[in-house]
Amino acid sequence: MDMGIAGKWALVCGASKGLGFGCAQALVREGVNVVLVARGAPTLQQAVRTLLADLARPADTVVEHVAADITTVEGRAAAFARHGEYDIVVTNAGGPPPGDFRTWDRDAWIKAVDANMLTPIELIKATVDGMAARGFGRIINITSSAVKAPIDVLGLSNGARSGLTGFVAGVARTTKLASADVTINNLLPGVFDTDRVRGMAHGTAAKTGQTVEAIIEARRNNIPARRLGTPDEFGAACAFLCSRHGSYITGQNVLIDGGAYPGTY
Ligand code: NAD
């Protein structure tokens, strides 16, 4: 299928590894010029090298990077200094830590809300009117299955991401954006095989004495597909929503979880 987005410019946040990298790779393979943002320069530079060496990349596709914290004003300014007008924006940053809500103070909440609610909103604010004026735009927010099925220890994520979800539900449906082929959707990962998930498994292993593999195996066994998702397949879903064919899909929360969510809706 021709996605019809070759030559567009995309900003992909949290793109040096994991789900953000999967999105960047899928877009680059469609001929989209991509600016990757992540905090750590060495991992980011390695990600750029991997994308440039990808034989599935159309030869004239541009891949650039900005080492910055996207949750800061300066970080966002650096991303827009690299390229002023993005056609596609994938919002993403690290998820908040797990824990007991009794131990979270105001600073912990502000940090989570900043990273997982206000940063995507700032990126939407900075781009959608320009997209509408140019007659094409795609925003993809990487959120979490926890928006639909909250996980008790991830209260910071449940709360902050639900705020973003409510905001997107309203703004995506405005005629000004939808009639100008500007769509805003959330992708909700279940359990994917990334450093974050492995890191959390290491944390649980240290606390419980179980092996990391036993912890991952237990997670697998809770998923009807009996496996963890891959950043590749997450990226493919992202590229489809960003494509010309995604034009009539907006304001949606798309779960990608191997059947783990147990509800009808
Ligand atoms: P990951 O740790 O593998 O990768 C995170 C990426 O984001 C890295 O490139 C990192 O450098 C970058 N990053 C983190 N904070 C940043 C910041 N402030 N500014 C710029 N870049 C930043 O994580 P992942 O598994 O790919 O998860 C991505 C998002 O999806 C997270 O918010 C996570 O909570 C959420 N999520 C992941 C899963 C999963 O199974 N992997 C499930 C549900 C939700």
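1. An oxygen atom of the ligand is 2.5 Å from an N or O atom in the side chain of Thr194, and a polar backbone atom of Lys17 is 3.3 Å from an oxygen atom of the ligand. Of the 830 Å² of accessible area that the ligand has on its own, the protein covers 91% (Shrake-Rupley method, 1.4 Å probe; for residues, only the protein chains shown count as cover).

2. Before going further, please keep in mind that this is a predicted model, in which local features need pLDDT of at least 70 and side-chain atom pairs count only at pLDDT 80 or more, while totals for chains, interfaces and linings use all residues. Residues are numbered from 1 along each chain as its sequence is written, and side-chain values use heavy atoms, with hydrogens and water left out.

3. Now the shell around the ligand. It holds 28 residues, the closest being Ser16, Leu19, Ala93, Phe192 and Thr194; a residue is near the ligand if one of its heavy atoms lies within 4 Å of it. By type, the shell divides into 11 nonpolar, 11 polar and 6 charged residues (Ala, Val, Leu, Ile, Met, Phe, Trp, Tyr, Cys and Pro count as nonpolar, Asp, Glu, Lys and Arg as charged, and the others, Gly among them, as polar). Helix 7 gives the largest share of this shell, 3 residues. Helices (H or I, at least four residues) and strands (E, at least two) are DSSP runs, numbered from the N terminus.

4. Strand 2 deserves a look.

5. On one pairing, strand 1 (residues 9-13) joins strand 2 in the parallel sense over 5 bridges, with Ala10 opposite Val34. Two strands pair if DSSP finds at least two bridges between them. From strand 1 the chain passes through helix 1 (residues 18-29) to strand 2 in a right-handed β-α-β crossover. Right-handed means that, with the strands pointing away from the viewer, the path from the first strand over the helix to the second runs clockwise.

6. Strand 2 also pairs with strand 3 (residues 63-67), in the parallel sense over 5 bridges. Leu36 stands opposite His65, and here the chain crosses from strand 2 through helix 2 (residues 41-52) to strand 3, in a β-α-β crossover that is right-handed. Val34 faces Val63 in strand 3.

7. Asp181, in the loop between helix 6 (175-178) and strand 6 (182-189), has a positive phi near 60° and counts as buried at 15% relative accessibility. Arg226, in the loop between helix 8 (212-221) and helix 9 (231-242), has a positive phi near 55° and is partly exposed, with a relative accessible area of 48%.

Notes
Polar contact = N/O pair within 3.5 Å; in protein donor to acceptor, adjacent residues only side chain to side chain. Buried < 20%, exposed > 50% of the residue type's maximum accessible area, 1.4 Å probe, protein only.
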